[in-house]
Structures are given as C-alpha cells and as structure tokens.
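Visitor: I have a model open and want to learn how to read its features. Where do we start?

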Amino acid sequence: MAAPRGVPGSTLQVLEEALGVGLTDAGDPACAVAAEGAYYLEQVTITEASEDDYEYEEIPDDNFSIPEGEEDLAKAIQIVQEQATDTHILEEKTDLPSKHVAPEVIEDFLCNFLMRMGMTRTLDCFQSEWYEFIQKGVTEVRDVGNVPDVYTQNMLLETENKNLKKDLKHYKQAADKAREELLKIQKERDFHRMHHKRTVQEKNKLINDLKGLKLHYASYEPTIRVLHEKHHTLLKQKMLTSLQRDRAVKQISRIQATSMYAVSGCGNSVPEIRAIPGREKEYAPEGPTQNDLHGTREQDKYKTKMKNKMDSKFPTAMQPNPNLYFCKENNRPAKFDYKLNNIFRLHSLPVSCIAIHPRKDILVSCGEDHIWKLVGLPKGNVLLTGCSHTDWLSNCCFHPSGNKLATASGDTTVKLWDLSKGNCILTFEGHGHAVWSCTWHTCGDFVASSSLDTTSKIWDVNSERCRCTLYGHTDSVNSIEFFPYSNTLLTGSADKSLSLWDARTGKCEQTLYGHMHSINDATFAPRVEY
C-alpha cells in the first residue's frame, strides 16, 4: 500500500488511500469534490467464492521477510528486538488524550472486512501503516469522520421503532382509558339529567297537589262555619227546651197543689200566688223533679267543697264595665302629637313585654335576660327586680288591685309575685312548652295562660291548681285575655283563628276565622259595648 502525500479531506479519500484503490482522480479536484459530496451507501451482499476460483496477488514483504541464503541468528534476534521496540514505541505514542479519542469506525469497518475475507497479512500491513500514519500526523482522526454503518443504523432505527411502538401502545391505552372515562362521565351525566328531570316533575306534581289541597281546604271552611252555626243553633234550642221543661214542671206542681187544696176541703178558695220580682224562685212551689235536681246539686256542691275547700268561685253577678260609660267624643290625640320623652336602658337582651300599673305611674318590663324590672315614671328609676325564671320572659300582667304581678316564661311556668315584698309567692307548672301570654280575671282569683303546646289553662290562685284546660286550637296559642268584668276568654292562635271561651265550663262558645297567617295578639276594645 502506498503512503499518501497529503492529509485526506474526506472519508472517501481515506478509504481509497487505505485500500489502495483509485476511485477518484487526484489531478481533478472538481471530480473529487463532487464525489465527496455525492457519495451514498448501498447494501451489497458479499458471497464467499471458492478457493479454486479466487486469484491471490503477491505482496512483497521487504520489511519482514529474510532472503534465502542470508539467514543469520544474530540478524534474526536484531529484527525481533527492533519489532518489539517499534511495537512498544507505537503503543506509547498512540495513547492519545481522552478528549481527542473518537470512535474508530473506519478502522473497525476495514478490520472486520479483512477478517471476513481471510486476508490476515493485508490486515497486519493495514494496521501497521494506519497506526504509523497516525503517529506521524499524516492522518488526523478528527478529520477522518465516521463511516455510516448500515447495520448500526438499522439497529438504531429498530430501537427507535420499538420505542415508538411502545409509546404508541401507551398512547392507545391512555386513549382507551380516556374513552372509557368519557363514556362513564356521559352515563353519569345522563343519569343525573334524568334524575333532575324526575325531581322537577315530582316538584311540579307536589306543587299542583298542594294547590289542590289548599283549594280543598278552602272549600271546607264554609262547611265548617255552617256546622258551627248549626251547633250554636242546636245549643240555643236545647236551652229553650230546658226552659220550657222547667216551666211545665212548675205548672204541674201548681196544678198538684191546687188539687191537694181542693181534696182536703180547706175552703173553696184557691190561695193566690203573687209573683214578686226577684223572689219568684224563693216562694214558688217545686215538684218532685225539681226536688231531685236540687238534691243532686246540693250533693255535688258538698262533695266539691269537701274535695277542695280552697277552690274559688267564678263571680255570677258581675258589676257593669265602667269603661262602657266612659266614652268621650274626639278624645284621641292627633296622629303626630307623640314625642319621644325618655329612653330607659334596663335589659342586656331584647325586651319582650311591658305593662302599665292600673293606678300608679309605674311600669314593668320583661326581657330575654330572664328578669323583670319595676320602673318608676317619668324618671325611669328601678324600684324592683325579679329573677326567678330560668328562661326568657314572654309576657306579664298586673293584678287588678296592682299589688301582684303574673309573669309567663319560656321555662313553661307562670309565676305570681308580691310587689310589696318583691318575692315569688306562687309558681304554676303544667304546660308542655313555652308559655306565651297570661292574664288576670277581674276578680283577681284566676290567672289564664296560653302556651306553645296548643292549649290554654285557667289557674286558681287560692287553691294553687289548674282548674281547667282549654283544648281546641291546632297550633300554638299566642295570646289570651279576659274580657273585663266577665267570664269570657279570648285566645289568638297560630292556626289563624280566634276563639271565645266560657271560663266556668271551659267550652269554646265561638270561633272566628278570616286571617291568612298566624295571629300573634288579640285584645278587647275597652270602650265598645258587645
């Protein structure tokens, strides 16, 4: 192989110089440049030819062969030593720095080719000349470049193809999973949409049913009123019938007395019976039925009296209401004559009720801080404080005489207070829920209360017990009040109705309808005659 005279400029030139094949003309630079920039790789299948057809070239071996006839032991030893020295020098000089080391693709390519072809001697000559050129600096490893290896590229492409296929598989799996999630979300969306539509339909149906029930309930109210009117009419007829029966019994007793006088022969004249106003019952003769009735009544009275000696009696002959005759025309103040005079800071929590003393310039205030305060007017000085309740106070009411106070509370109790001493003298317990209101009877012996438990109670102050419980309302009874100088009670309830009760019997005498919402309070007009 001839040594090159200049540094090769491309991989193709290096191959030409190494193999000794003149593929390009050294004297034509243009052709060399064109060949350098336009070379490409082609896959070639090399088949091993038979040894009989292969032609071997004779390569002169001037450096290593010894001519016949000149064989000498000393020269042979000298040649071996020189070869060892050269090998050592080559090994030392070919150790290049790590930063200049490049993959020896060309050398590997040529070595592999020569080894496959069985050209061992050519391989040895190539290796010795290649490293010699590198040592002398004729061939630079940096400028040589890499020879494309088709197999390596195929392997890299196969590896890249495998990686791409693996990524594609992962992407397909991710897409399938996303598709499944999308289908699941769509199913959930459709389910919730159907549920929403069903809920809306049920809501509309309930609204229509509620409207129908309201109309149905409204149609019942006139019927109930008619039934109440019929009930009251029957009660009146019953009372009239009982009166007529009593009159008939009296007439029968008079006829019997007259017949007795006639039979006894005590004269032909019949004793004249005069009716004196107010004394008819005292001197009127009574029949056996009346005697039995009177005996039964006397026994009941005796039993009741023996059962509880301290029970109070409801007054039968009440004095007339003085407010009915105390009426003046144009006694009301003008609409805008009221002015703020003073502000009293009495409670730490909201005030629920105030009441004015019936005779003195005193007021009492109740609050949600569990206490009530008695305040003098107009200065607002606190005269008395009561703090026996365990929950908020809802209402209070002065005794007709003004020396006692009744308070209602959320602790389900009604308490009576002695204002002269400032202490609690009596506690009524019996309601199941908070007590909203309380009121005194004009005689001062009874207190009535209304509660959240839909009932009202009448309490006897002397016997210290509940005399009667009023049932009839279907919701909370928010207010209660005695009509002045009578035994009539008025209650207002959250069931949108007002009721008039007879305190002596505990029966509802009349129910008034008309409100569309809950009734919070109801009272009598003091100057209107009923």
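Guide: Ground rules come before features. This is a predicted model, where local features need pLDDT of at least 70, side-chain atom pairs count only at pLDDT 80 or more, and totals for chains, interfaces and linings use all residues. Residues are numbered from 1 along each chain as its sequence is written, and side-chain values use heavy atoms, with hydrogens and water left out.

Visitor: How many residues has helix α5, and what span does it reach?

Guide: Names first. Helices (H or I, at least four residues) and strands (E, at least two) are DSSP runs, numbered from the N terminus. The expected span of a helix is 1.5 Å times one less than its number of residues. Helix α5 covers residues 120–136, 17 residues in all. From first C-alpha to last it reaches 24 Å, close to the 24 Å expected.

Visitor: Which residues of α5 are buried?

Guide: Buried means under 20% relative accessible area, exposed means over 50%, and partly exposed lies in between (1.4 Å probe, protein chains only). In α5, the buried residues are Leu 123, Phe 126, Glu 129, Trp 130, Phe 133 and Ile 134. They cover an arc of only 140 degrees around the axis, so they sit on the same side of α5. That arc is taken from the directions from the helix axis to the C-beta atoms. The general idea: an α-helix has 3.6 residues a turn, so residues three or four places apart point the same way. Thr 120, Arg 121 and Lys 136 are exposed, on the face of α5 turned away from its buried side. Just after the helix, Gly 137 has a positive phi of about 85 degrees.

Visitor: Which residues have the most contacts inside the largest nonpolar core?

Guide: A nonpolar core is a set of buried Ala, Val, Leu, Ile, Met, Phe, Trp, Tyr and Cys residues joined through side-chain atoms within 4.5 Å. The largest one here has 14 residues. Those with the most contacts inside it are Val 364, Trp 372, Leu 374, Cys 396, Phe 398 and Leu 405. At least two residues of this core come from each of β1 (351–356), β2 (362–367), β3 (372–376) and β5 (393–398). Apart from it lies another core, of 13 residues, including Val 414, Leu 416, Phe 428 and Trp 440.

Visitor: Now the backbone. Which peptide bond is cis, from Leu 377?

Guide: The general idea: most residues other than glycine have a negative phi, and most peptide bonds are trans. The bond from Leu 377 to Pro 378 is cis, with omega near 5 degrees. Pro 378 lies in the loop between β3 and β4 (382–386).

Visitor: What is the phi of His 370?

Guide: Phi of His 370 is near 75 degrees, a positive value in a residue other than glycine. His 370 belongs to the loop between β2 and β3. This residue is partly exposed, at 30% relative accessible area. Glu 464 also has a positive phi, near 60 degrees. Its loop runs between β11 (456–460) and β12 (465–470). Glu 464 counts as exposed, at 52% relative accessibility.

Visitor: How many disulfides does the structure hold?

Guide: A disulfide is a pair of cysteine sulfur atoms within 2.5 Å. The structure holds zero. For Cys 396, the closest cysteine sulfur is in Cys 366, at 3.5 Å, too far for a bond. Cys 396 is buried, at 6% relative accessibility. Cys 468 is in no disulfide either, and the nearest cysteine sulfur, that of Cys 466, is 7.0 Å away. Cys 468 is buried at 16% and lies in strand β12.

Visitor: What is Cys 468 in contact with, leaving aside its neighbours within four places in sequence?

Guide: Contact means heavy atoms within 4.5 Å. Cys 468 is in contact with Ser 456, Lys 457, Ile 458, Thr 505 and Gly 506.

Visitor: Last, the hairpins. How many bridges join β9 to β10?

Guide: Two strands pair if DSSP finds at least two bridges between them. Five bridges join β9 to strand β10 (residues 446–451), and the two run antiparallel. Val 435 has Ser 451 as its bridge partner in β10. Five residues lie between the strands of this hairpin, and Gly 444 in the turn has a positive phi of about 85 degrees.

Visitor: How do β5 and β6 pair?

Guide: β5 and strand β6 (residues 404–409) pair in the antiparallel sense over five bridges. Asn 395 has Ala 408 as its bridge partner in β6. In this hairpin Gly 402 takes a positive phi near 90 degrees. Six of the six residues of β5 are buried.
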